[in-house]
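Have a look at the model first, then read on.

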Amino acid sequence: EWVEEYYRELWDTSVVWQSYTYWKYRPMNGRYITIDKKGHRYTEQSYSSTNVNVPVRVFLFGGSTMFGTGARDRYTIPSLLARELDRRGISAEVTNFGQSGYVSTQEVISLMRELQQGNVPDIVLFYDGVNDVYSAYQNGRAGLPQNERNRRTEFRASQDLSVAFENMGSALARKSALIS
């Protein structure tokens with residue numbers, strides 16, 4: 001009974017530009033999909049009252065599987081891990097850094113950016129495969145984000161536009177000099 005509404009929410013997700021990694025989810029607060037102001041999917045934390053230890057900080061990176069495409073917030077891999085750790089008496093703060101379509105290179109860069117900002121975990125887990133393989137096939141070599149050719153096309157278009165404006169400015173300057 002939740003599937004239709006879930007997929008409506010999923011189709012309503014959007015992304016914002018993120019330096020180095022291209023995109024990150026925009027915050028949203030749905031019934032089944034919640035994304036915080038940092039672009040992280042909600043992870044159900046379940047510290048029990050018996051778990052008074054300082055939580056172990058766990059960062060999980062991956063593509064759509066880690067993000068939890070097809071799963072409600074409380075059934076993503078990070079939420080299930082948080083509950084299992086709590087069940088075993090381990091106090092943990094689990095953060096879902098999953099972003100649909102990300103390859104491992106984007107995830108490593110995301111981790112680097114977190115470390116640069118002083119956000120240091122105790123444990124980092126990466127769950128990858130399909131996006132890396134598909135991207136390598138698509139780009140003809142490993143390590144590049146998916147659809148890298150689109151970024152090259154966009155860059156070239158911006159360069160062509162810059163040259164066009166530069167030429168137009170020169171032409172206007174010459175015309176202005178002739179008129180004066």
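## The sheet and its helices

Three strands make up an open, parallel sheet in the order β6-β5-β7 (strands are DSSP runs of E of at least two residues, helices runs of H or I of at least four, numbered from the N terminus; two strands pair if DSSP finds at least two bridges between them). At the edges sit β6 (92–96) and β7 (123–127), each pairing on one side only. Ignoring direction, neighbouring strands of this sheet are turned by 20 degrees against each other on average.

A word on what you're looking at: this is a predicted model, where local features need pLDDT of at least 70 and side-chain atom pairs count only at pLDDT 80 or more, while totals for chains, interfaces and linings use all residues. Residues are numbered from 1 along each chain as its sequence is written, and side-chain values use heavy atoms, leaving out hydrogens and water.

Back to the strands: β5 (residues 56–62) runs parallel to β6, and 5 bridges join them. Leucine 60 stands opposite asparagine 96 in β6.

Helix α3 (residues 77–87) lies across β5, β6 and β7, at about 175 degrees to β6. Helix α4 (residues 104–116) covers β5 and β7, at about 145 degrees to β5. The angles run from 0 to 180 degrees between N-to-C directions, with axes fitted to C-alpha atoms, for helices over the stretch in contact.

## Charged pairs

The whole structure holds 9 salt bridges (a side-chain nitrogen of Lys or Arg within 4 Å of a carboxyl oxygen of Asp or Glu). Here are three of them.

| Pair | N to O distance |
|---|---|
| Arginine 41 – aspartate 73 | 2.6 Å |
| Arginine 83 – glutamate 44 | 2.9 Å |
| Glutamate 84 – arginine 87 | 2.7 Å |

Arginine 41 pairs with aspartate 73 in a salt bridge. This one links distant parts of the chain, 32 residues apart: arginine 41 is in the loop between β4 (34–35) and β5, aspartate 73 in the loop between α2 (64–67) and α3. Both are buried (under 20% relative accessible area; exposed is over 50%, partly exposed in between, with a 1.4 Å probe and protein chains only).

Arginine 83 meets glutamate 44 in another salt bridge. Arginine 83 lies in helix α3 and glutamate 44 in the loop between β4 and β5, so this pair ties together parts 39 residues apart in sequence. Glutamate 44 counts as buried, at 15% relative accessibility. Glu44, Arg74 and Arg83 are linked in a salt-bridge network.

Glutamate 84 and arginine 87 both lie in helix α3, 3 residues apart, about one turn of the helix. Glutamate 84 is partly exposed at 28%, and arginine 87 is exposed at 60%.

Methods. Contact means heavy atoms within 4.5 Å.
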